[in-house]
Amino acid sequence: VSELVPVRWLGDSVEYLDQRALPGDVVYRQARTVDDIVEAIATLSVRGAPCIGVFAAYGIAVLKASLPPERFVEAAARVRAARPTAVNLAWAVDRVMASPDALAAAVAIAEEQMRTDERIGQSGLSLVPNGAGIITHCNTGALATGGRGTALEVILAAHRAGKRPRVYVDETRPLLQGARLNYLELDRAGVDVRVIVDGAAAFVMQREQIDLAIVGADRIAANGDTANKIGTYGLAVAASYHHVPFYVAAPLSTFDRSLATGSEIPIELRSEEEVTSFRGTPVAPGACAYNPAFDVTPGTLIAGIVTECGVLRAPFEPAIAEVFAAPRTSTA
Ligand code: MRU
């Protein structure tokens, strides 16, 4: 099976896999202009917090090479604001803007993501018992990071280590990143996986042997409160009730220490049509909808945050401060 590469540098433009068409169709597109880049991010053709960062980094390199300085600054600001919740977008844009060589900085971000994800997988491996029942939400694999994945890479590392995980993937309404993308990535890797509707998660914890829940993150505040795909908070509440340890897996680029708590994290509101229609077909014609794309799980519900620098444990505020204070190697 061919690998699904979500973002690729083509020399003068950036190519991306249109994730809206998966799993049915594998469609690659090229982004050359600021409109192309913003549209790819805003429509979720490119999605997942770290992958948005990698794509935006290459996008900024394209724009820097093609636009006069005044228009470049304005265009970069539009890319930075294309989606509000995943902090990796602003983090990557700021890092490329601060570098004298935009392309070198973008390449470094992409390469680091690969190594970071490998380390996240290794950090999380000991959290997964043999034969573990695992529940997860949204998509957190290579498609979502441009590397190997975060929460999904922990599951894959356990699978490669012969631990035979049994995975339940929430379908992840309304855009079905779980059913379409997480299932695809786990199934291709040969993992024992089934999709459940989001509403089945608590029942699965009640009736099946579930040993842990693990999800990704879009932004983590200084106290460990974590924004992730809508439905994550409900999953954490259900996990707490059923005494299932709930883990978050994310790179340090997903932490935003400028925010004291999760209540300050901006939450993206998306169109009502995403809820009232299914792939363009109205299912609740004329209905009003409320469509927050993310929610915030309090750090108090999180058993550990799996990073490239190990598993952080509560109390998260000092644990997060400590990991950022420690010296780290970086290439750009
Ligand atoms: O709206 P999306 O599909 O970009 O949301 C993605 C998620 O919520 C992921 O869980 C998160 O970005 C982590 S990806 C490793």
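Predicted model: local features only at pLDDT ≥ 70, side-chain atom pairs only at ≥ 80, totals over all residues.
**Close-ups of rings and charges**

**View 1. How Trp9 and Tyr58 meet.** Two rings can be described by how far apart their centres are and by the angle between their planes. For Trp9 and Tyr58, those numbers are 5.4 Å centre to centre and 15° between the planes, and the pair is stacked. Trp9 belongs to strand 1 (residues 7–9), while Tyr58 belongs to helix 2 (residues 49–66), so this pair ties together parts that sit 49 residues apart in sequence.

**View 2. Tyr16 and Phe55, edge-to-face.** Here the centres of Tyr16 and Phe55 are 5.4 Å apart, with 75° between the planes, which makes an edge-to-face pair. Tyr16 is in strand 2 (residues 14–17) and Phe55 is in helix 2, so to speak a link between distant parts of the chain, 39 residues apart. Are these two residues buried or exposed? Tyr16 and Phe55 are both buried. Counting up the aromatic pairs in the model gives 3.

**View 3. Arg8 over Tyr28.** Now for a charge and a ring: the charged end of Arg8 sits over the ring of Tyr28. The distance to the ring centre is 5.5 Å.

**View 4. Lys229 over Phe294.** Which ring does the charged end of Lys229 sit over? That would be the ring of Phe294, with 4.3 Å from the charged end to the ring centre.

How values were computed: Residues numbered from 1 in each chain as written. Heavy atoms only, no water. Phe/Tyr/Trp six-rings, centres within 6.5 Å; stacked < 30°, edge-to-face > 60°. Helix = DSSP H or I, 4+ residues; strand = E, 2+ residues; numbered from the N terminus. Buried < 20%, exposed > 50% of the residue type's maximum accessible area, 1.4 Å probe, protein only. Lys NZ or Arg CZ within 6 Å of the ring centre and 35° of its normal.
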